[in-house]
Every structure is written in structure tokens, then in C-alpha cells.
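Here is a short tour of a structure for someone meeting it for the first time. Have a look at it, then read on.

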Amino acid sequence: MVSEAHPVLVERSALVRADAATVHALIDNFHHWQQWSPYEGLDPGLQRTYTGPDAGVGASYTWSGNRKAGAGTMTITESIPERIVLDLAFTKPLKNRNVTAFLLEPVADGTRVTWRMSGKQNKLFALIGKVFSMDKLVGPDFEKGLRQLAAVAEKV
């Protein structure tokens, strides 16, 4: 029997009261993620490796941590003023690959930032998804990250 992949989409948006260039710089350089990412506090001993350029296309961030943090790699595949796209590959505790995008829309009060993750769930993730909605599992993390991103960007 052929394994069917099940689509997944998690998306959250928030207003950041800072210009798009400031927000873009905080997302486009993985070295800045320690300031705002909701996942950075999951393991105080998290091991991080940065490769490629500091920012933009080709910048890559590999992490390995405890059970909560897991392990994986993110690589920026597109970086333009209104969008940053990442290839996100989880290796532990479960293997999975997703596309993550940050959409930046200048608005009167600052920048509307949309954090979107899309991909396909393998059978195991689809089964987990029947019990735990991926939107309910990951969405609150995105909301927290966007609040933290706003707090950092609004101080710059």
C-alpha cells in the first residue's frame, strides 16, 4: 500500500509596530532568532550550528537539543523584502519536512507579519493529527513567537 501524504497548514499573523526592513532583518538572520523564536527556550543546552552566509538565501541553522527541542535544519531558500521562505527539516524526534514562510506586509501602523508552515504529513503525523490538531499544537508557538518578534523589533 502506498503511503498517502496529508497536507498541513498552520498560519498566524500579527501587527508589528516597526518597519518591514527591521522585521525582515530579525527573521533573515538566524543569529537573531535567539531573541524572539518561541523554540529557543526549550533547551538551555541547545547546540546550534550556522553555515552559509549570515543572512539571506543559503543561510542555514542546524539545532540539536533535548526531547522538547528535537533536532533539525532550517535553510533560507528565498529572501525578498516582502517574504522569507525556509526549508525546514526535522530529524528528531520524528522526521518531517515543511516549508515555512514569513510574509511581511507594510501597513499604516508598521508591518503585518504572517508566519506560515505548510507541508505534507506522513502517516504517523496524520494519525497524531487525528488526536492533536497541528494547528492547535503549533499555532500557539507561532503566536508567542510573533509577540516576541514584535517586542524585539519595536525596541530597535
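## A cis proline

Where is the place of proline 93? Proline 93 sits in the loop between E5 and E6 (helices, H or I with at least four residues, and strands, E with at least two, are DSSP runs numbered from the N terminus). The peptide bond leading from lysine 92 to proline 93 is cis, with omega near 5°. Most peptide bonds are trans.

Keep in mind that this is a predicted model, in which local features need pLDDT of at least 70 and side-chain atom pairs count only at pLDDT 80 or more, while totals for chains, interfaces and linings use all residues. Residues are numbered from 1 along each chain as its sequence is written, and side-chain values use heavy atoms, leaving out hydrogens and water.

Now find helix H1 (residues 20-28) and helix H4 (residues 134-153): their axes come within 10 Å and cross at roughly 120°. That makes H1 oblique to H4 (angles under 35 degrees count as roughly parallel, over 145 as roughly antiparallel, 65 to 115 as roughly perpendicular and the rest as oblique). Axes here are lines fitted to C-alpha atoms, for helices over the stretch in contact, with angles from 0 to 180 degrees between N-to-C directions.

Who touches whom? On the H1 side there are Thr22, Val23, Leu26 and Ile27, and they meet Leu149, Val152 and Ala153 in H4 (contact means heavy atoms within 4.5 Å). Sorted by class, this contact has six nonpolar, one polar and no charged residues (Ala, Val, Leu, Ile, Met, Phe, Trp, Tyr, Cys and Pro count as nonpolar, Asp, Glu, Lys and Arg as charged, and the others, Gly among them, as polar).

## The largest pocket

The largest pocket holds about 960 Å³ of space (on a 1 Å grid over the protein atoms alone, a pocket is an open set of points with protein on both sides within 12 Å along at least five of seven lines, and lining residues have an atom within 4 Å of a point; a volume is the space filled by probe spheres set on the points, which are joined across faces, edges and corners). Of its 31 lining residues, Tyr39, Lys68, Ala69, Phe90 and Val138 are the closest to the centre.

H4 turns up again here, giving the most to the lining with five residues. The lining as a whole divides into 21 nonpolar, five polar and five charged residues.

Technical notes: 1 Å grid on protein atoms, 1.4 Å probe; cavity = no way out; pocket = protein on both sides within 12 Å on 5 of 7 lines; lining within 4 Å.
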